[in-house]
Amino acid sequence: MTAESTPDAFREELRAWLEENCPQEMRDGKMTEEGICWGGKNWQFTSQAQKQWLDRCAAKGYTVPTWPKDYGGAGLNRAQEKIFHQEMGRINARKPLQSFGIWMLGPALLHFGSHEQKLHYLPPIARGEVRWCQGYSEPGAGSDLANVQTKGEDKGDHWLVNGQKIWTSYADKADWIFALVRTDREAPKHKGISFLLIDMEDPGVETRPIKMISGISPFCETFFTDVKVPKDQIVGEENRGWDVAKYLLTHEREMISGGGAGLSGGGRALGAVIKDTMEGLTDATLRADAMRCEVDSLAIGLTLERYKDQAEAGQGAGDASAMLKYMGTELNKRRHELMMTAGGSDALEWDGPLGNRAGDWLRTKANSIEGGTSEVMLSIVSRRVLGLPG
Amino acid sequence: MEKLVLTEEETMLSDMARGYLDGAAPVAKLRRMRDAGETHDAALWKEMADMGWAGVLVPEAQGGSDMGYAAANLLAREMGKTLAVSPYISTAVIAATALRQVADARAEAALARIAAGEATYALAVDEGIKFDPEAAQMTARADGNGFRLDGKKQFVVDGAMADRLLVLARTDNGLTLFDIPADRAGVTRDRSNMIDARDAARITFDNVEATGEDVLGQVDQAMTVLKPALMAGQGALAAEMTGLAAGAFDMTVGYIKERKQFGIEIARFQALQHRAAHLWCEIEVTASAILNAGRMMDADPDSAALAVSLAKARATQTATLAVQEGVQMHGGIGMTDAYDMGFYMKRARVGAEWLGDYSYHAEQVAAARGF
Ligand SMILES: Cc1cc2nc3c(=O)[nH]c(=O)nc-3n(C[C@H](O)[C@H](O)[C@H](O)COP(=O)(O)OP(=O)(O)OC[C@H]3O[C@@H](n4cnc5c(N)ncnc54)[C@H](O)[C@@H]3O)c2cc1C
């Protein structure tokens, strides 16, 4: 008997489990900086409940519900996954764990990694024991990502890595980094890149935080000076790292786009979010803008659903992740502009009456830059989907 | 609920519809009809009926194909792509849905005539310039065993050609829906000269007699019958408008790939590429809302209001953008009557108003979402 044929049984079982295991404190849906649990060796739990929640979910495979059981997941199918999110949303439960390991590296390893690599790297991600960061961008390689210059020299049993990355989110807090490194300088630019996994504690890895306009400093410059990377820490083939990088970007883009569909914040209606701090929506223009956001947000959410249904039916959505990323992030920026307007002068203070609303608003400005800019997403759609000449 | 993916039958249905419509009802056909002052093509409608489209929502017992709302929307979408002219939404979708709410022999007979392509319908609800059915002021005064209808309706789509009218009027304690022949004594129909060259009328009811038999559903209870019918119409219209947006978009992309300025195809200019890409994204997102609305109407019509309003709101916005960008990216030729883009623009404007505009439906969404 599969749970697919009895979704109700799965739902009931899950409900009972959540009721028993999700601490009351973890039922506020918090998606702000202090509400998120990132895990990793240096993670400081904000409360006993946060740790309990992580451990209990990890034991069930619920930090990565769709990953295979062997790698720390719960092996849920799509129907069960839907129910899982519905039930988590119903009690407004926080995500037990978020990380680049879950959103980005995990899917890439599941697709390109060897069996040994999967067994070695995935379960610690699922348990929140190892935190990863992404070493893609460089000062001269942003939108033109394939232009990376950080170099890896073949030294027989290892690569010797030298170079600089920039905008590496949470590099100062991460335990490991997945990096794009040029291992063949002669080959055309897409053909000479390898995808390497590097321990941040290795000698020669150094990070320096950079402060953002939102006041926090989640990203860094990361420097590599004669860093020795063992040969078994490559994902996919040598010089074919671009394929891995692109696959990973697809997942990153889907993840970033989710914010715009209102899927964060427990899927609550935008109006409800605004009402938290306002006596209803009395201002006609504001109300109209909120309505517009709500219409678009619901439709984008349905598109995410549709694409997942299509993928399950074997109809790959291909370059559609660029579409979702573009639409989702532009909408998320609109939503936060609106929430600032709704908050009026209360929203203008750092940690004022509305908490960090201004910080959240400023942070959303990066949504249409990180993971590839909106302009780049539109170029992908126009070339690859519409077939317009390049 | 079925997933948000087309089933094999649905894919076949829309492929088949596209093939048929490309041949039988291309935009050139609308142009010929417009030039000839015609707004209805009886032979085309008969063919559609023979293919089961008129009976798409009619039970098989009454000779229909009973394919459901998701399928009905697929057909509407294909019709939108080529701007096919037919009373499909008024008759096969709105009237059939209304009649299905009433389980009596009279309604069953009417459904059978719809499926056979023997009866066409128009829905007469609007009295002001904006869609607001519950504000209807037209009266149906009780008179012996029957009623006397007095009042005016406007923007009655397909109203000049339809055999029958579904008319909303105020009775003693509410609103009542009547199903009467369009040629009944006292009914005067003035064809409206619509920008989209389609059929619509202003209709005056002057002391028109109606019997209890003519009441669809219960007296004073019009909304029970009308609400599902309106939702069905709004969903199909949203689908038609999304098809229209896709049709206009295809024309636009085709044009910018051909047209050269400064020695190269204008499609090489990133300013145009990005706008085309944005438009495609909007159409793609709206397509999800359309499919979802059809699925909801099939699975749980009582809870479909949010899904339908979402679809109509999105479709209105998307079609508007598609035709505006269409004309703009065509440059001067887009403004000419000789080129087809203008037909898309006019149909989009009419579709935007019919059965509730963007604000109307966004309000419904907002209400359903609690703000
Ligand atoms: C908050 C945040 C977190 C990030 N985290 C990470 C991380 O963890 N790891 C990592 O590797 N990177 C990270 N990034 C980097 C991010 O991926 C890059 O910033 C992004 O790819 C853009 O590159 P760039 O900043 O060099 O801008 P540029 O590429 O210089 O772009 C500048 C402007 O030019 C436009 N532009 C560039 N090329 C074109 C073109 N061909 N056509 C049209 N317009 C064009 C862009 O759209 C943009 O508007 C992060 C960025 C931010 C803001």
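Q: How many residue pairs are in polar contact between chain B and chain A?
A: In this predicted model, 18 residue pairs are in polar contact between chain B and chain A, with both partners at pLDDT 80 or more.

Q: Which helices of chain B supply at least two residues each to the side that touches chain A?
A: Those are α7 (222-258), α8 (270-299), α9 (305-330) and α11 (358-368). The largest share comes from α8(B), with 16 residues. By class, that side of chain B has 22 nonpolar, 9 polar and 8 charged residues.

Q: Why is the pair B:E363 and A:R287 called a salt bridge?
A: The closest N and O atoms are 2.4 Å apart. The cut-off is 4 Å between a side-chain nitrogen of Lys or Arg and a carboxyl oxygen of Asp or Glu, so the pair qualifies. The count between chain B and chain A is 5 salt bridges.

Q: What makes β4 and β5 of chain A a pair?
A: Pairing needs at least two bridges, and 7 bridges join β4(A) (residues 176-182) to β5(A), so they pair. The two run antiparallel, and A:R182 stands opposite A:I193.

Q: What about β5(A) and β8(A) (residues 234-235), which are joined by how many bridges?
A: There are 2 bridges, and at least two are needed, so this is a pair too. These strands also run antiparallel, with A:F195 opposite A:V235.

Q: How do you know that both faces of β5(A) are covered?
A: A:I193, A:F195, A:L197 and A:D199 on one side are buried, and so are A:S194, A:L196 and A:I198 on the other.

Key
Residues are numbered from 1 along each chain as its sequence is written. Chains are lettered from A and ligands numbered from 1 in the order in which they are written. This is a predicted model: local features need pLDDT of at least 70, side-chain atom pairs count only at pLDDT 80 or more; totals for chains, interfaces and linings use all residues. Side-chain values use heavy atoms; hydrogens and water are left out. A polar contact is a pair of N or O atoms within 3.5 Å; within protein, one must be able to donate a hydrogen and the other to accept it, and residues adjacent in sequence count only if both atoms are side-chain atoms. Helices (H or I, at least four residues) and strands (E, at least two) are DSSP runs, numbered from the N terminus. Ala, Val, Leu, Ile, Met, Phe, Trp, Tyr, Cys and Pro count as nonpolar, Asp, Glu, Lys and Arg as charged, and the others, Gly among them, as polar. Buried means under 20% relative accessible area, exposed over 50%, partly exposed in between (1.4 Å probe, protein chains only).
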